[in-house]
Amino acid sequence: MSKFGMLSVAAATIALAVPAAADAVILGPDAATCANGNRGVIVNVTGFKQRSGKVRVQLYAAKSSFLDKGAWIERVDVAVPAAGTAAICVPVPSAGKYVVSVRHDLNGNGKSDMKDGGGFSGNPDVKLGDLISKRKPSLAQTSFAVGESTAKINVVLNYVRGLSFEPVG
């Protein structure tokens, strides 16, 4: 192979590596845990209505008591990034099945308001009536497995829009 051909292969290899290096910055007090590939979960949050306030991610064991008051295992609060995906690292205590809930506290007041957004691992279809009656999405839809390394999940935020609860756009 000529030097030019070798350079082309090297350039193509670097170009393929760039998107991975350009991923969102990992946020949260345990960001190094996920950046090093240790046990944790990176929750990639997208679909922000506005770039203000805070994002709260709560980790629950995948059992029927998930979402019960005080049942969370880990809680991470971060400021909403100015652009892009909010990649939030949540430490995980042991390998197993978990559920994540995400809340976008739009005004940053620490309280759940009707203007706030939210979502779950697995991105289940949640209706406005489910929110009002505090009906949980199913474990089958929301649970995911974490082994000994970092897992990644995606959560698309939903907001109340008229009589529905859906993504923006």
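Modeller: C89 counts as buried, at 0% relative accessibility, where buried means under 20% relative accessible area, exposed over 50%, and partly exposed in between (1.4 Å probe, protein chains only). C34 is also buried, with a relative accessible area of 5%. This is a predicted model, in which local features need pLDDT of at least 70 and side-chain atom pairs count only at pLDDT 80 or more, while totals for chains, interfaces and linings use all residues. Residues are numbered from 1 along each chain as its sequence is written, and side-chain values use heavy atoms, with hydrogens and water left out.

A disulfide joins C34 to C89, with an S to S distance of 2.1 Å; the term covers a pair of cysteine sulfur atoms within 2.5 Å. By this rule the count comes to 1 disulfide. C34 lies in helix 2 (residues 31–35) and C89 in strand 5 (residues 86–91), so the bond ties together parts that are 55 residues apart in sequence. Helices (H or I, at least four residues) and strands (E, at least two) are DSSP runs, numbered from the N terminus. The torsion about the S-S bond of C34 and C89 is about 75°, so the disulfide is right-handed.

Buried side chains also include Y60 and F66. K136 lies over the face of F66, at 5.3 Å from the ring centre; a charge sits over a ring if NZ of Lys or CZ of Arg is within 6 Å of the ring centre and within 35 degrees of the ring normal.
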